[in-house]
Amino acid sequence: MPSIISISGVTKTYATGFKALKEINLDIERGEIFALLGPNGAGKTTLISIVCGIVNRSSGTVTVDGNDISRDYRTARSLIGLVPQELTIDAFESVWATVNYSRGLFGKPADHAFVEKVLRDLSLWDKKDAKAITLSGGMKRRLMIAKALSHEPRVLFLDEPTAGVDVELRQDMWAMVRRLREDGVTIILTTHYIEEAEAMADRVGVINRGEIVLVEDKAELMRTLGRKRLLLALRSPLASIPATFSRYALELSPDGSQLTYTYDNQSERPGVASLLRDLETAGIQFRDIDTQNSSLEEIFVKLVRRDA
Amino acid sequence: MNLRAVWAIYKMEMARAFRTVLQSIVSPVISTSLYFVVFGSAIGSRITEIDGISYGAFIVPGLIMLSLLTQSISNASFAIYFPKFVGSIYELLSAPVSYLEIIIAYVGGAATKSIILGLIILATAALFVPLTIEHPFWMLAFLVLTAVTFSLFGFIIGIWARSFEQLQLVPLLIITPLTFLGGSFYSIDMLPGIWRTVTLFNPVLYLVSGFRWSFYGKSDVSIGISLGMTVVFLFICIAIVAWIFRTGYRLRT
């Protein structure tokens, strides 16, 4: 099936001459959770704003479920729900009025039962008559999500959804995102919390200085990245690694004082225990032991620094 | 046409008016009553009648126009400026609505509010002075045309403004002086020669004059010119709005 969002050759140069996006090519698959990672000012929000129709692109094309965002903007936009980063709500409207308004704005017939369900799912039903201004920050965030979901979008953009959000709401939000995904909604979230991408995403894209520097399946990424190193400082240096240890991916430091064992921490049997047993049997003693983790954060920092 | 969106915006705008009923309805009624007391009684005791119309009755069309102009502008400019200011405009821009639909909804809402207000002021005025309306159709036509035109004008200001100060600038510095000098409270025949000519360049004169004609069948300038000038101004506003939307001016970067 063709991808739900297809971005090709999109650039954005602001009137000030600032190049926010340089040649973005990106396909979002139907039904996936895609995490767009990047430092502040990398172009995440600009890219989302272009897809949603808030910012005009300088060049390139974007289609949403095959609909060009300029030519068929009505169909394209009606498929999308957007939760922006900032809590921007008409403060004087009631929760109920503003969510129903959003639904109407997107051309959907009034459906009070559906709006009620959205509000209940987001624990906002008790607050339905409250004015937005009286809500706490977390509740406002829920309200923004309710507005975005009010017209039953097929694609949901969450721009920094958990910035400044407490643990409870964060967990609720993750649960909600998973529920939506089960219903076939495609979710694109931007974040600079690496753990969030690790926990949620099917695929991860990294954007830096207006360029996509990496797009990878998360499981694949974690496999290549999710390697751990076990460092063993030896009591007495070795001349070489004994042949009996050939089944372990071992490296000996040039001075022979340190053994490094690289293993897959996702694996059921990483082989750490057996290595340590075998070392003991072979009479190789160590005075210290340490492990090093490679994570998404590590590669992220590496990717982002490379261009700096 | 996304009529549901137009209706949603329109309904929201009307709800805002009813929520702020003190500000949107009561305060203009009070200020109009004050005009009657101050101008009608104080000046009316010296000028008994103009063109055979009692002074109190003479100023009614001008007073309605005064409120119609200022309220249309402030309603529409605030309606579009506020979401820009708080940032909730993102939703409008990301929604499947055309610029035409946005205009119809916002300008329609603002114009409806000021028309209702105009009618309330008319009713209030009827309590103070005896009124006749010789051409009810044209009275309504001027009411609607003016409300729509100046709501469009307000919408333009709301999009153009980058601060609350700019939002107030045009109404305060241009519209208010023009309405006061546009023959709301006097006939231009009462002015010395040179000022009469200057006044002819004031577009508000044509609105007030045409509107007064619909009440009493008497006007400073001919009704055809009044109508023509109003329509010209309407088309200027439509042209500016069309340009704004073609370029995304101050809405979409």
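**Notes on a predicted two-chain model**

1. **A facing pair to start from.** A:Ile207 stands opposite A:Ile212, a residue of strand E10 in chain A. Keep in mind that the model is predicted. The two strands involved, E9(A) and E10(A), pair in the antiparallel sense, with 6 bridges between them. They form a hairpin with 2 residues between the strands. In that turn, A:Arg209 has a positive phi of about 45°.

2. How many strands does the open sheet have, and in what order? There are 6 strands, in the order E6-E7-E8-E3-E9-E10 of chain A. The pairing is mixed. On average, neighbouring strands of this sheet are turned by 15° against each other, direction ignored.

3. **The edges.** Which strands stand at the edges of the sheet? They are E6 (80-83) and E10 (211-217) of chain A. Each has a single partner strand, so one side of each is left without a neighbour in the sheet.

4. **A parallel pair.** E3 (residues 33-37) and E8 (residues 186-191) of chain A pair in the parallel sense. Their pairing covers 5 bridges. To find the pair on screen, look for A:Ile33, which stands opposite A:Ile187 in E8(A).

5. Two helices of chain A deserve a look here. Helix H1 (residues 44-52) of chain A lies across E3, E6, E7 (155-159), E8 and E9 (203-208) of chain A. H1 of chain A runs at about 150° to E7(A). Helix H5 (residues 137-149) of chain A lies across E6 and E7 of chain A. The angle of H5 of chain A to E6(A) is about 170°.

6. **Strand E1 and its partners.** Strand E1 (residues 5-13) of chain A runs antiparallel to strand E2 (residues 19-28) of chain A, and 6 bridges join them. Their hairpin has 5 residues between the strands. A:Gly17 in this hairpin takes a positive phi near 95°. E1(A) is also joined to strand E4 (residues 59-64) of chain A by 5 bridges, again running antiparallel. A:Ile5 links the two pairings: its bridge partner in E2(A) is A:Ile28, and A:Ile5 stands opposite A:Val64 in E4(A).

7. **Where the chains meet.** In the interface, 28 residues of chain A are in contact with 23 residues of chain B. Helix H2 (73-78), E6 and helix H3 (95-105) of chain A each give two or more residues to the chain A side. H3(A) gives the largest share, 5 residues. By type, the chain A side divides into 15 nonpolar, 7 polar and 6 charged residues.

8. **A closer look at H3(A).** Why is H3(A) described as largely enclosed by the rest of the structure? Because 9 of its 11 residues are buried. Among them are A:Val95, A:Tyr101, A:Arg103 and A:Leu105. The buried residues of H3(A) pack against helices from both chains: H4 (112-121) and H5 of chain A, together with H1 (3-19) and H4 (89-94) of chain B. Just after H3(A), A:Gly107 takes a positive phi of about 80°.

9. **Chain B as a whole.** Chain B has 10 helices and 2 strands. From the N terminus on, its elements run α-α-β-β-α-α-α-α-α-α-α-α. A compact globule of 253 residues would have a radius of gyration near 18 Å; chain B has 19 Å, which agrees. The C-alpha atoms of chain B fill a box of roughly 60 × 35 × 35 Å along the principal axes. Buried residues make up 43% of the chain. Of the contacts in chain B with a separation of 6 or more, 79% are between residues 24 or more positions apart.

10. **One helix pair in chain B.** Helix H6 (residues 136-160) and helix H10 (residues 223-247) of chain B have axes that come within 9 Å. These axes cross at roughly 30°, and the crossing is left-handed. Which residues of H6(B) meet H10(B)? They include B:Leu145, B:Leu152, B:Phe153 and B:Ile156. On the H10(B) side, the residues include B:Phe233, B:Leu234, B:Cys237 and B:Val241. The residues of this contact divide into 14 nonpolar, 3 polar and no charged.

Technical notes. Residues numbered from 1 in each chain as written. Chains lettered and ligands numbered in written order. Predicted model: local features only at pLDDT ≥ 70, side-chain atom pairs only at ≥ 80, totals over all residues. Pairing = 2+ DSSP bridges. Helix = DSSP H or I, 4+ residues; strand = E, 2+ residues; numbered from the N terminus. Axes fitted to C-alpha atoms, helices over the stretch in contact; angles between N-to-C directions. Contact = placed C-beta atoms within 7 Å. Rg over C-alpha atoms; globule rule 2.2 N^0.38 Å. Buried ≥ 20, exposed ≤ 12 C-beta atoms within 10 Å, placed from the backbone. Nonpolar A, V, L, I, M, F, W, Y, C, P; charged D, E, K, R; others polar. Left-handed = near helix turned anticlockwise from the far one by under 90°.
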